[in-house]
Amino acid sequence: IREIGVAARAGGGDPANNPRLRAAIDKGMAQNMSKDVVERAIKKATGELEGVEYEEIRYEGYAPGGVAVIVDTLTDNRVRTVAEVRHAFGKCGGNMGTEGSVAFMFKRLGVLSFEGMDEDTVTEAAIEAGADDVVVYPEDGAIDVVTSVEAFEAVRDAMAAAGVVPGHAEVTYRADNDIAVDGETADQVRKMLDLLEDLDDVQAVYSNAQFGA
């Protein structure tokens, strides 16, 4: 709901002319959000209804083992939010950094995820749709189709039209290089990421942790 509101306030309440809003609505609908809730969130954001105003704030820092972490939040109280985020970092042996301290290690891109589908079928459809890359995970057979942010919707729609529908699709951030962690360090990193994701104001958490078996 917060993401829909922020997207509508930033780019207008018409999903046809606001890709970010369209993506937020798609994500909400995938979680069984009703049309009434979507419309109310848009109207609040565009001033048709009274509502709380949220602002986007990004926090960056490091988890144990030198793992880079980005935390994207939407909040109506930045004092509360920064205190909660700082507490989660500190409780698990991490530390918050300054703006831009780790963001340069990540790229924003579109990812379409498939499970239980034939690799050749997905790959052929991805190439036809203009995707940038196809990543196959042999351990479980999962497949990720990677696109630029600009091409994300076109690739998703083209693949769906060809009958190759992703189980999950989103614009996200991925690290250029992962850092392997295992044992006690991995446990600390997982705990910290879980604490951050459980905070009410947190919308997304990204890291470059690669957990060992």
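Trainee: In what order do the four strands of the open sheet run?

Mentor: The order is S3-S1-S2-S9, and the pairing is antiparallel. Keep in mind that this is a predicted model.

Trainee: Which are the edge strands?

Mentor: S3 (95-96) and S9. Each of these pairs on one side only.

Trainee: How many bridges link S1 and S3?

Mentor: Two bridges, in the antiparallel sense. Look for Gly61, which stands opposite Met96 in S3.

Trainee: Now the helices. Which strands does H1 lie across?

Mentor: Helix H1, residues 2-11, lies across S1, S2 and S9. Its angle to S2 is about 75 degrees.

Trainee: And H7, which strands is that one touching?

Mentor: H7 packs on the sheet and touches S1, S2 and S9. The direction of H7 makes about 160 degrees with that of S9.

Trainee: On to the largest nonpolar core. Which residues touch the most other members?

Mentor: Val69, Val71 and Leu196 do, in a core of 21 residues.

Trainee: Which one gives the most?

Mentor: H7, with five residues.

Trainee: Back to Leu196. What is it in contact with, leaving aside neighbours within four places in sequence?

Mentor: With those set aside, Leu196 is in contact with Val69 and Val71, then Val85, Ala88 and Phe89, and finally Val202 and Val205.

Trainee: Which residues does the second core include?

Mentor: Val122, Ala125, Ile143 and Val145 are among them. That core is separate and has 13 residues.

Trainee: Change of topic: rings. How many aromatic pairs does the structure hold?

Mentor: One.

Trainee: What sits over the ring of Tyr173?

Mentor: The charged end of Arg58, 4.6 Å from the ring centre. Arg190 lies over the face of Phe211, and there the distance to the ring centre is 4.2 Å.

Trainee: Last one, Val165. Where is its place?

Mentor: Val165 is in the loop between helix H6 (152-161) and strand S7 (168-175).

Trainee: What is Val165 in contact with, leaving aside neighbours within four places in sequence?

Mentor: Phe114, Met117 and Ala160.

Trainee: And what separation do the C-alpha atoms of Val165 and Val102 have?

Mentor: 33 Å. Along the chain, Val165 and Val102 are 63 residues apart.

Technical notes: Residues are numbered from 1 along each chain as its sequence is written. This is a predicted model: local features need pLDDT of at least 70, side-chain atom pairs count only at pLDDT 80 or more; totals for chains, interfaces and linings use all residues. Side-chain values use heavy atoms; hydrogens and water are left out. A nonpolar core is a set of buried Ala, Val, Leu, Ile, Met, Phe, Trp, Tyr and Cys residues joined through side-chain atoms within 4.5 Å. Buried means under 20% relative accessible area, exposed over 50%, partly exposed in between (1.4 Å probe, protein chains only). Contact means heavy atoms within 4.5 Å. Rings of Phe, Tyr and Trp (its six-membered ring) pair if their centres lie within 6.5 Å; planes under 30 degrees apart count as stacked, over 60 as edge-to-face and the rest as tilted. A charge sits over a ring if NZ of Lys or CZ of Arg is within 6 Å of the ring centre and within 35 degrees of the ring normal. Two strands pair if DSSP finds at least two bridges between them. Axes are lines fitted to C-alpha atoms, for helices over the stretch in contact, and angles run from 0 to 180 degrees between N-to-C directions.
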